[in-house]
Amino acid sequence: MTRILYARPIKESLHLNLKTSIQKLKKNGVVPWLRVLLVGNNPASEVYTKNKKKFIEGLGGKCDIIHIEGDTTEQHFREKVRSLSSEKDLHGFLIQLPLPKQLSHIDAGNLIPPSLDVDGLNSLNMGELLKGNVHKNSFCACTPKGIVTLLDYYDIPIIGKNICIIGRSLIVGKSLSALITNRNGTVTLCHSKTKNLEYHTANADIIIVAIGSPKFLKTHHLNPSKKQTIIDVGINKSQQGKLLGDVDFENVKESVAAITPVPGGIGPLTILSLAQNLLQAAEKTL
Ligand code: NDP
């Protein structure tokens, strides 16, 4: 029978640990504090930032969302980032992506001081990830970290397995390929120019899809004899407002060994990873 890999039991099992660690910090006078900069009125970004705030505050941390207008100039945006991220006692700072068109060329991760970059998008943190140092003095990008947390929780082995990642964005595919390589998985990183995608997906023990194309992965990509695990990172909205993943869940679920749902799969674990990174940043200040 196909295993559905829900985030909920993982969150429940790690929630108490996180809460207890934050209480300990608070007894030492440190309240983990995340600041999120939200530019414009992208409805999805508003929901994501609210969810982050709710989760961090539910753990006993502090999270403020600073909102600036979507038509802000580059100069104003850069000044805002500089002033907001230089606040004393702040442990984490992130810029909610995507940025509006006139700012979209900016490398937002590199505007954030590496020690506050709990999203793991600064070049220094990315470099540490490539070197395999991620759990020591740097931060790992949240979605890749959440995916590996899920695989570990459900005892899905990585070592020596063929792992096909579809989508090569910095925030998901590229970071994840480094993280999984560090964990001794054999990664094939596919993208829109990949030829014969089905060849790569059929050869994989684990397929991870992060492309932003609803219900893209179907049975013709699969190889049922391999008892594959499918990780769906995609978050797309249907015209009726329903959340859809990049995997055609109903189409593939009987042909695989395990699969993450959307919603309730990787999304909540991305926020969990953010909280873990924030805690790590706050603990360093003791
Ligand atoms: P990007 O748009 O930055 O990147 C998309 C990637 O997919 C690109 O590398 C692109 O290739 C590749 N791609 C697009 N179409 C195809 C195709 N038909 N075949 C193969 N590759 C293709 O997206 P993100 O990584 O930011 O996001 C991807 C999805 O994941 C979105 O739905 C997003 O909402 C979701 N997401 C979910 C998160 C969560 O917490 N669950 C967190 C982050 C993202 P190329 O490089 O050649 O253009």
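Tutor: Asp248 is buried, with a relative accessible area of 12% (buried means under 20%, exposed over 50% and partly exposed in between, using a 1.4 Å probe and protein chains only). Keep in mind that this is a predicted model, where local features need pLDDT of at least 70, side-chain atom pairs count only at pLDDT 80 or more, and totals for chains, interfaces and linings use all residues. Residues are numbered from 1 along each chain as its sequence is written, and side-chain values use heavy atoms, with hydrogens and water left out.

The partner of Asp248 is Lys218: they form a salt bridge, with the closest N and O atoms 2.8 Å apart (that is, a side-chain nitrogen of Lys or Arg within 4 Å of a carboxyl oxygen of Asp or Glu). Lys218 sits in the loop between strand 7 and strand 8 (229-232), and Asp248 in the loop between strand 10 (243-244) and helix 9 (249-252), so the pair ties together parts 30 residues apart in sequence. Helices (H or I, at least four residues) and strands (E, at least two) are DSSP runs numbered from the N terminus.

The structure holds 11 salt bridges. One of them joins Asp152 and Arg183 at 2.8 Å, N to O. Asp152 belongs to helix 6 and Arg183 to the loop between helix 7 and strand 6 (186-190), so this pair links parts 31 residues apart in sequence. Both ends are partly exposed: Asp152 at 36% and Arg183 at 32%. Lys253 pairs with Glu250 at 3.2 Å; here Lys253 is partly exposed at 22%, while Glu250 is exposed at 56%. Arg35, Asp64 and Glu87 are linked in a salt-bridge network.

Now the packing. The largest nonpolar core has 49 residues, and Leu34, Ile147, Leu150, Ile208 and Ile231 have the most contacts inside it. By core I mean buried Ala, Val, Leu, Ile, Met, Phe, Trp, Tyr and Cys residues joined through side-chain atoms within 4.5 Å. Helix 10 gives the most to this core, with 10 residues. Domain 1 (31-102) and domain 2 (142-267) both contribute, so the core lies between them; those bounds come from an automatic or database domain assignment. The C-alpha centres of the two domains are 29 Å apart.
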